[in-house]
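Me: I've just opened this one and could use a quick tour. Can you walk me through a few of its helices?

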Amino acid sequence: MASRAAGGKASPTTAEDTPIGPTGRPYRGFPTPAPLASHGPARIISLCNQKGGVGKTTTAINLAASLASYGRKVLAVDFDPQGALSAGLGITTHDVPTVYDLLLDTKRDPHEVVVHTGVEGLDVLPANIDLSAAEVHLVNEVARETILSRVLRKLAPEYDVILIDCQPSLGLLTVNALTASHGVVIPLECEFFALRGVALLIETIDKVRDRLNPTIRLDGVVATMYDPRTLHSREVLERVVDAFGDDVLETVIGRTVKFPDATVAGQPITEFAPEHAAAQAYRRLARELVSRGAVA
Ligand SMILES: Nc1ncnc2c1ncn2[C@@H]1O[C@H](COP(=O)(O)OP(=O)(O)OP(=O)(O)O)[C@@H](O)[C@H]1O
Ligand SMILES: [Mg+2]
């Protein structure tokens, strides 16, 4: 059922010609990004929300793959000990160097840890359960909030965009991600408690801006798991728009069972089912972020 909702051609989450989109604004098409003549330095974007299961990893994977399909050089950083981003891109993380090793030894060359994926133009810094020890290990380090930033500085020249998939917490790892980032994208699930805790997230971003990273900005809020058939989903989205106004990205990601299917296959949905409405939605999100200037 759910897949039909998001997969149906007439769904307002997908039809490019619908006059008014689900966020209540005219539903524009965004132009295909022009090819880049040269690559880098990367703009760094964190996918962040301390609430679990809202679509951070799914958005990181599919936005990364979509941007790569437009010729951008993309690095996706798995910054969650669950390693879901790595797994979702079919990367084994057992017994391989990971981002954790780079945090512990900032002299190590991060290029040794970067893994190429099956998607052209998309690389990954993988993570595994080792990363769960990072907060404890790093707590006594000097400048402990800027460690990831120092790691990514060495990789940024070669990429157009770096997406960091944060874990569902506002701890030291997330603060490292925010400190390293130019922008934040907040995925919000269209569910009853969507806005609960978001004030704390915004407060955390404000603190990071104040103390560590003066130029960080909110690139946008992306509504995920939207089901246009339910009044509930539509009401939640309305409240999100009331709270964030134009910061809510016009592209809304519909709810569909294709995502778990793609995860099992270890592929982005844009590769697994490129014509599916959800794949189209993520490509549209990529185009929207390029038109907003969040990505080159
Ligand atoms: N648009 C969608 N429609 C249906 N299911 C989805 C959608 N987006 C993500 N999912 C599924 O919801 C679950 C949670 O998604 P995801 O792992 O992306 O969230 P997360 O915010 O990264 O979670 P965590 O906080 O645990 O890291 C996954 O099983 C994923 O396949
Ligand atoms: Mg995740």
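Me: What covers the buried residues of α9?
Reply: Quick background: this is a predicted model, where local features need pLDDT of at least 70, side-chain atom pairs count only at pLDDT 80 or more, and totals for chains, interfaces and linings use all residues. Residues are numbered from 1 along each chain as its sequence is written, with chains lettered from A and ligands numbered from 1 in the order written. Helices (DSSP H or I runs of at least four residues) and strands (E, at least two) are numbered from the N terminus, and contact means C-beta atoms, placed from the backbone, within 7 Å. The cover on the buried residues of α9 includes β6 (183–189) and β7 (217–224).

Me: Which residues of α9 are buried?
Reply: Buried means 20 or more other C-beta atoms within 10 Å of a residue's own, exposed means 12 or fewer, and partly exposed is in between, with C-beta atoms placed from the backbone. On the face turned away from the buried side sit the exposed Leu231, Glu235 and Asp242. The buried residues of α9 are Ser233, Val236, Leu237, Val240 and Phe244.

Me: Why do the buried residues of α9 line one face of the helix?
Reply: Picture looking down the axis of α9. The arc is taken from the directions from the helix axis to the C-beta atoms. The buried residues line one face because they fall within an arc of 100 degrees.

Me: How many residues of α7 are buried?
Reply: Helix α7 covers residues 172–180 and is largely enclosed by the rest of the structure. Among its buried residues are Leu173, Asn176 and Ala180.

Note on methods
Two residues are in contact if their C-beta atoms, placed from the backbone, lie within 7 Å.
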